[in-house]
Structure formats: C-alpha cells, structure tokens
Amino acid sequence: MAKSIEEINEKIRKKKACVLTAEEIIPLVEEKGYTEVAREVDVVTTGTFSPMCSSGAFLNFGHSKPRMKIQKAWLNGVAAYGGLAACDVYIGATEIPDDDPANKIHPGRFSYGGGHVIEDLIAGREVSLKALSYGTDCYPRRELETSVRLADLNQAYLTNPRNAYQNYNVAVNLSNRVIYTYLGILQPKMGNANYSSAGQFSPLLNDPYLRTIGIGTKIFLGGGVGYVFWEGTQHNPTVPRSEGGVPLEGAGTLSLTGDMKTMSNRYIRGVSMLGYGASLAVGIGVPIPIIDEEMVKFVSVRDDGLYAPVVDYSDAYPNLEGGIIARVSYSELKSGSVSIRGRKVSTGSLSSYPMAVEIAETLKKWIEKGKFLLTQKVASLPDMDSGQTFKSMRMTVDDEVST
Amino acid sequence: MTSMASKNIILHYPRKLIEQPVISNLVKKYDLTINISRARIGQDEEGTMVIEISGEADNLDNGLRYLKEIGVTFKLISKVIKRVEKRCTHCSACTVVCPSGALVIEDRSSMEVLFIEEKCTGCGLCIQACPYKAMEMHE
C-alpha cells in the first residue's frame, strides 16, 4: 500500500503521525518486516553534522546614508564578495582574513574565517563591516565602517552550493610525514583513518535513489527550517552502487538554503582545520516520508551494509590519481579500527554521530508536535539514468609541456 | 612495603633553578621514574616541564616535597588541559592524535567522546587538532 505526502501531513496535523529516527527504524524492521512497518510508520528522520566547506551566506545590510555600491567588503576582517547589487554580499565559509599567515608557518591554524563570521552572526554577536567603493552619482559613498548584527539585516540566507554528501572518502596517509587535510590530521604510514559521514543516519544514504528528496524538500537546517533548492555541485548519481542501491563512493549532493535568523549556533559552527583552512560545520536533518515498502527497505539500511572507499591523501588524492585502497563498512569505522591491507588502523570521524542523533531526534519532535509538515518535491534531481558524472577540469595548458 | 603511585604534573621552574639538576635529583635521591613529555624555557625565562613521575608512594611524596622546598611549583596535568563542553561536538578528530587514551570513545553505540582527565599527559596535541577549539590549556 502506498501513502501520499498529503496523507502523511494530515496525520502530522492531527499529531497522530508515527515518526522514528533512522536508528530506531532498524530493530522495528527486523522485528516486523517491510510490509507491517510501511503501514505503521509515516516518517523517518535523518541527521548529519560535519564541516561543509561549500557553505556561505547572502547578506543584505540595508542602505547606508548616503548610499553606497559596496564593491569590496570585510566582515571581522574576512573578505565578503561584493560583486552584487549595492548592499548585498556573499560571505564564504573558507574565506580567511587578508592578513592571515595561512600556511606560511606550516601547519597554519586558521583560527578565524568566513565560517566563524556566520557563526558569530547567528550567535547574535556584533560583527564589524568595512567596505570600499568607487562612488557613482546614485551611490556616492566610497568608504564605510560600522558594525552589524543579524537582527538588523534585511535578509541573511545560509546558501550552500554543496552539502549532505551521499557517502564520502576515508582518508589515510601512506607517506612518511604527518599531513594536514580537510579530513583532519593524518599520521604517517597509515597511522589513522579519518572519515566524515553519519553512516546509517546520513540523509542521502537513507534515500539512495533520491525518490523523496528533490527540489523543494523542506529540511532541518542549522537549527531552523531550510530547503533543497537544486542538486549540489559535484552531484554524481552514476557511481558504483551496492546490491541495495547505496552508492559505494561520494555520490549525490544537495544545494541548501535557509533563513539564518531561525538558526542556532549549536548547529552552525565555525571550523578551524589545522594546516588546511577555515570552514563551517552545518547541522542538517532530512525527513524521509514512508510512502511505500521500498522506502522502508531504504531507511532500514545499517552501518554494516554501508561501505566507504579508502583513499591515500598523501599522493593519490592531491594528484588526482584516483585509486581506492580498500572499501570498509561504517560499522567497522565506528568500531574504532579498520583493517586495511591486513593492518589494524585506528579511526577518527570529522562528522559527529551524537549531533546527528540529536538533529534527527529534534526533527522527530517537531514533526510529532505538528510543527513541521513535509513537502512534495517539485522536481527530481538528476538520477542514475541521467548519465551525469563528476568530471575533472579541462586543462588547456599542459603543466609538463609549459614548464 | 608501600604501594606504587604515579602522577602527571606540570612543573614551573623559577629562573634561578633553570641550571639545577632537579630531575636528576628526583631520580637519584628519591628513586623515582621520570618520563618527560614536554619541556621549555619561556620568554620570561621561567621553565615549564610536563612529566609523568612514578615510584613508591612514600618516595613520590618526598620527591614532591623536595620540589616545593626548592621553589618549583607544580600542578596536576588534569587541571591544565580543559575541555569546554559546549564547544565539543563529539566528532573524534582528537581521538586519533591523543597519545595517552585520555580522549577516547568507549561506548560505540552513543559514539560520545570522553575526556578522562587522569589519563591526560598534557602534550597539547588535541588543542590544535580540535576544529571547534574545545580543548584549552591553562598552565
């Protein structure tokens, strides 16, 4: 039997919807089977909390007096992109202050960047704004120095071109020196293996073919409400999949947006990755409507049935050589050590499992209380049949020839 | 026979003691085992040293008394490295760099990262490894 989103929403409005988290559904399916669970359960909530570099925010400050066509802007010393209309800017999570030493003294600390600006705004803190322009007849001001707060802005939208990666690499270091990556510190000679996915809690691993998640899907974003507005950059539905349909490598991604004024700095946090850079950790929760038995099958996926590719970040990854050393399950990763090339390697996660659980439980409560209705997607994201892949860059000048 | 005891401490040397064989005296006169994990002389020319000091309980007490008498101040490392709980997200970026097992996940279903202060040797590797600046040093 199939259920429509509208039927599920009717139950949510009456506070009679049966909502479980992606972890709670697993033993129930083992006990009762797909058919029974499809009848009983209406929504399964997922969650993830992890650094997501492709994050940022559009901000509108309102007009200064006299007016200014902001060309260059800095928030707490971090450059924001001003090539938009007069008082709109985009602040990116990985931007760092112009005078940050970066990796000149390696490994750099990157203690403050665009992600921290976004966190400070959401926390309600004052943020300094400096801006420059060339001046026009309609926008005469050339310099500006003030401080801004989130509450004073007209609009502040977290707008992330790529989030919620459906599966991701496990990073190891085969070299003889310590390396510093966006997946954390990697000890030499495969001293550790770092991963960054919530596994069985991860939104897109619970809907591997994106049957229910698409453009217009309403989600938990940073403690507030957000929406999927497009496929994420690097969205790649054509990677190899397991028998159950789950991608074995990084695959689907989502573009997300939401009102920063509804968010909390518990779920949006500036990130400093030693030797790598600044970023933003974003909490995301996606509700999966149980429209039929097939969705029960998908959401009951367990860590021992989800596999991630192990990649060498000292050579293969930076040099775009590809090469998967091994595939390991998320249950192995979560156990604290994995076996790679016959060796026991300790594991660390950049993604917070306790936060993923908290987000899925929070979203569950919102739905149970009738405060959060589900949406029908208005368009699907490119699927396996699209033939869409994640291409490498076209290089018109061959490095080896030019040097 | 007394029982064995061990403490992870941070020592602060005043300038006048920098050239004294303090550690050597702890080994020779008090029969203690010293494992140095960090040592430096700061800009103010005061020295700090992080050590694990172990031996028979009586000897350990006498050795610590000797330090006090000559003017070396010390405190337990568990009082030096602090976790700011509200900043910790319980990812586990720190657990793979912590050499002493002080930052560890014991419950593999909750995946909560514990900070077992008694096991901390004060090396400080966690401070830079934490993406959220949750670990702090208060020497």
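The contact between the two chains takes 25 residues from chain A and 18 residues from chain B, where two residues are in contact if their C-beta atoms, placed from the backbone, lie within 7 Å. Strand S18 (268–273) of chain A is one of the elements that give two or more residues to the side of chain A that touches chain B, and S18(A) gives the most, with 4 residues. Helices (H or I, at least four residues) and strands (E, at least two) are DSSP runs, numbered from the N terminus. The other elements with two or more residues on this side include helix H5 (330–335), strand S24 (343–349) and helix H6 (353–368) of chain A. By type, the residues of this side divide into 11 nonpolar, 11 polar and 3 charged. Here Ala, Val, Leu, Ile, Met, Phe, Trp, Tyr, Cys and Pro count as nonpolar, Asp, Glu, Lys and Arg as charged, and the others, Gly among them, as polar.

This is a predicted model, in which local features need pLDDT of at least 70 and side-chain atom pairs count only at pLDDT 80 or more, while totals for chains, interfaces and linings use all residues. Residues are numbered from 1 along each chain as its sequence is written, and chains are lettered from A and ligands numbered from 1 in the order in which they are written.

Chain B has 3 helices and 8 strands, in the order β-α-β-β-α-β-β-β-β-α-β from the N terminus on. Its C-alpha atoms fill a box of roughly 50 × 45 × 20 Å along the principal axes. Of the 139 residues in chain B, 35% are buried, that is, with 20 or more other C-beta atoms within 10 Å of their own, the C-beta atoms being placed from the backbone.

The domain assignment, automatic or from a database, gives chain B domain 1 (4–76) and domain 2 (80–137). The C-alpha centres of these domains lie 26 Å apart. Between them, 7 residues of domain 1 are in contact with 5 residues of domain 2. On the domain 1 side, S1, S2 and S3 of chain B give two or more residues each.

Chain B also holds an open sheet of 4 strands in the order S2-S3-S1-S4, with antiparallel pairing; two strands pair if DSSP finds at least two bridges between them. Strands S2 (33–41) and S4 (73–76) of chain B stand at the edges with a single partner strand each, so one side of each is left without a neighbour in the sheet. From one strand to the next, the twist averages 25 degrees. Strands S1 (residues 4–13) and S3 (residues 47–56) of chain B run antiparallel and are joined by 10 bridges. B:Leu11 stands opposite B:Met49 in S3(B). Helix H2 (residues 57–70) of chain B packs on the sheet, touching S1, S3 and S4 of chain B.

| Pair in chain B | Angle |
|---|---|
| H2(B) and S3(B) | about 155 degrees |
| H1(B) and H2(B) | roughly 145 degrees |

The axes of helix H1 (residues 22–30) of chain B and H2(B) come within 10 Å. Their contact is made by B:Asn25, B:Leu26 and B:Tyr30 of H1(B) and B:Asn59, B:Asn62, B:Gly63 and B:Tyr66 of H2(B). These residues divide into 3 nonpolar, 4 polar and no charged.

Technical notes: Axes fitted to C-alpha atoms, helices over the stretch in contact; angles between N-to-C directions. Buried ≥ 20, exposed ≤ 12 C-beta atoms within 10 Å, placed from the backbone.
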